[in-house]
Amino acid sequence: MVGWLTDPFGSPIVLRALAEVLILSLACGPLGVWVLLYRDAYAAESISHGMLPGLVIAALAGIPLLFGAFAGVLVAAAGIALVARDERLSADVGVAVCVSTLLGLGGMLALSPDSPPRLQELLFGDLLGVTGGDLAVAGLLAGGVALVLAAGYRSLSLVGFDRGSAAALGAKPTRWELALLVVLAVTTVAAAQGLGNLLLVALVLAPAAAALSLARRLVVVLALSVALAALAGAAGLVLSFHLEIAAGASVALCATVLAGLALVVPRAGRLAH
Amino acid sequence: MTARDDVAAERPASASGREAAPTPVRGGLVVRDLSGGYAPGRDAIRGIEFVAEPGEIVGVLGPNGGGKTTLFRALLGELPIRRGEVALPGRPAYVPQTERARLDFPVSAFDVVLMGAYARTSWFRRVARRDRDAARGALERVALADRADATFGALSGGQRQRVLIARALLQDAPVMLLDEPLSGVDGVSAARIEAVFEELRAEGRTLLVATHDVRQAAEWDRVLCLHGRQIEYGRPAAVLSPETLRETYGAELIVLEGGGTAVGIGHHAHEH
């Protein structure tokens, strides 16, 4: 049994993949909690999906995906901001239109006959192809995200809990709402390489949803969310090794299964009382 | 002649209002000819002018949308002020209407009270032991010491209101702005909150309490009647005439009894 769990990590490829998901958990875990508390889940989904054209163009031009991801996120954010200014549309309609357009544009570019066959990697990531350099970049970005979230812990909780009183208690609401979106964008860029722009949302939202349903205190929720994200990452790699399924998809699946269990278990506990 | 009375006399002859900034009266609150609003060119409040001294409770009366919350925003420095001046003895504490706070947020009653000390805590430090003790003390003052570990969202409406008041107590502010703290709270909570008001009055703090309960405001030190503009300010006995109330509340007013006692009802949530 122990061997079944440890075997996969005998390979340096899987070991690097493990390091990547653990690093990403450090950023995705706490970020997801704030995203859910600020009701920004839709923005998380939109930002990550909207950056596809950037990734595809980077892949076609042969430049590092990281730059494509950054440019893609910027274009998606600018597009969403622009559409949101049109008062005839409600904000979510604007976002939906903008994101579908970008996703379609990305797909069209990626599926053209001249493109190298890498769309799969862009959408679902290439966890087992992570290099030492990728790890360093992910570590830097995730470390920055974790630092900003730690520094903003009190301000974010003031604004999230009671926006109207936040300024009187010493936190600037607009600044921290914006900061959270920037942090979300940076995390999206950091996670795109390993998990792809479709699956990374699972590692942001699923462990956080589980933690919020299991714990009652914010500090515990944040710690639990990191732990669950790491657990989903490790479990996903073990499963993908034995069942020979895609690593990124396996991680995303484990994260959502954990969230599903966490949502069901407390309810069963309450019924028992 | 008290300092209060001579505000009108000392009012600057020119409308510029840029003469010497008014000095707070022994730590009180001075508002002179205040106008402002969020929308450009449209003032949500106009011509607000009053002095509230330390140890005074001011009942702020007005219909929904009459400018009570907007006045508080102006005093907190969160509203663009177009004209006039505000002089405060220090940063005011603010108690919002309870339904403005999130019920699904993972915080205990104690966590919420501790937020009152965040402004004086640097981000890399734990909240000081002194402030933690003060937070426990504040919960005791609102008679919720035994509910410190309860999740905020699991408390009753009145208990939540008391927790938010305890949070404001922790800010230790000379001026406190309370937005309808007694609306829709249970009897036990209301009694406890009014007892805390008395204590705060004795400590020499200035309280501005937005309320719909005219009878209650009649028991406090001053009454400020708002309907976009300031209708009247002064001692309750002088201000609370049927004429003033009619002008303040318009169609929302129902006069129940004779002898000058009137009760405004206004729990329609137009502004939400």
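**Reading the two chains**

Mentor: To start with the interface, 18 residues of chain B and 19 residues of chain A take part in the contact. Two residues are in contact if their C-beta atoms, placed from the backbone, lie within 7 Å.

Trainee: Which classes of residue does chain B use on the side that touches chain A?

Mentor: That side has 12 nonpolar, 3 polar and 3 charged residues. Ala, Val, Leu, Ile, Met, Phe, Trp, Tyr, Cys and Pro count as nonpolar, Asp, Glu, Lys and Arg as charged, and the others, Gly among them, as polar.

Trainee: What should I know about the model itself?

Mentor: This is a predicted model, in which local features need pLDDT of at least 70 and side-chain atom pairs count only at pLDDT 80 or more, while totals for chains, interfaces and linings use all residues. Residues are numbered from 1 along each chain as its sequence is written, and chains are lettered from A and ligands numbered from 1 in the order in which they are written.

Trainee: What ipTM and pTM does the predictor give the complex?

Mentor: The ipTM is 0.85 and the pTM is 0.85.

Trainee: And what is the mean pLDDT of chain A?

Mentor: It is 87, and 95% of the residues of chain A reach 70 or more. pLDDT is the predictor's confidence in each residue, from 0 to 100. In chain A the lowest confidence is in helix H7 (residues 119-124), with a mean of 76, and the highest is in helix H9 (residues 153-161), at 96. Helices (H or I, at least four residues) and strands (E, at least two) are DSSP runs, numbered from the N terminus.

Trainee: How many helices and strands does chain A have?

Mentor: Chain A has 13 helices and 0 strands. Its radius of gyration is 19 Å, close to the 19 Å from the globule rule for 273 residues, so chain A is as compact as a globular protein of that length. The radius is taken over C-alpha atoms, and the rule is 2.2 Å times the number of residues to the power 0.38. Along the principal axes, the C-alpha trace of chain A spans about 55 × 50 × 35 Å.

Trainee: What share of chain A is buried?

Mentor: 49% of its 273 residues count as buried. A residue is buried if 20 or more other C-beta atoms lie within 10 Å of its own, exposed if 12 or fewer, and partly exposed in between, with C-beta atoms placed from the backbone.

Trainee: Pick one helix. How far does H6 of chain A reach?

Mentor: Helix H6 (residues 91-111) of chain A has 21 residues and reaches 30 Å from its first C-alpha to its last, close to the 30 Å expected at 1.5 Å a residue. The expected span is 1.5 Å times one less than the number of residues.

Trainee: Which residues of H6(A) are buried?

Mentor: Among them are Val95(A), Cys98(A), Leu102(A) and Ala110(A). Down the axis of H6(A), the buried residues fall within an arc of 125°, so they line one face of the helix. The arc is that of the directions from the helix axis to the C-beta atoms. On the other side of H6(A), Gly104(A), Met108(A) and Leu111(A) are exposed.

Trainee: Now two single residues. Is Leu253(A) buried or exposed?

Mentor: Leu253(A) is buried, because 20 other C-beta atoms lie within 10 Å. Leu253(A) sits in helix H13 (residues 247-272) of chain A.

Trainee: And Ala41(A)?

Mentor: Ala41(A) is partly exposed, with 16 other C-beta atoms within 10 Å. Ala41(A) belongs to helix H3 (residues 41-50) of chain A. Leaving out residues up to four places away in sequence, Ala41(A) touches Val35(A), Leu36(A) and Leu205(A).

Trainee: Back to chain B. What is it made of?

Mentor: Chain B has 9 helices and 11 strands. Of its 272 residues, 43% are buried.

Trainee: Where is confidence lowest in chain B?

Mentor: In helix H1 (residues 6-10) of chain B, at a mean of 38, while helix H3 (residues 109-114) of chain B is highest at 97. Over residues 1-25 of chain B the pLDDT is below 50. The pLDDT also stays under 50 over residues 257-272 of chain B.

Trainee: How should I treat low pLDDT?

Mentor: Where pLDDT is low, the predicted coordinates should not be read in detail.
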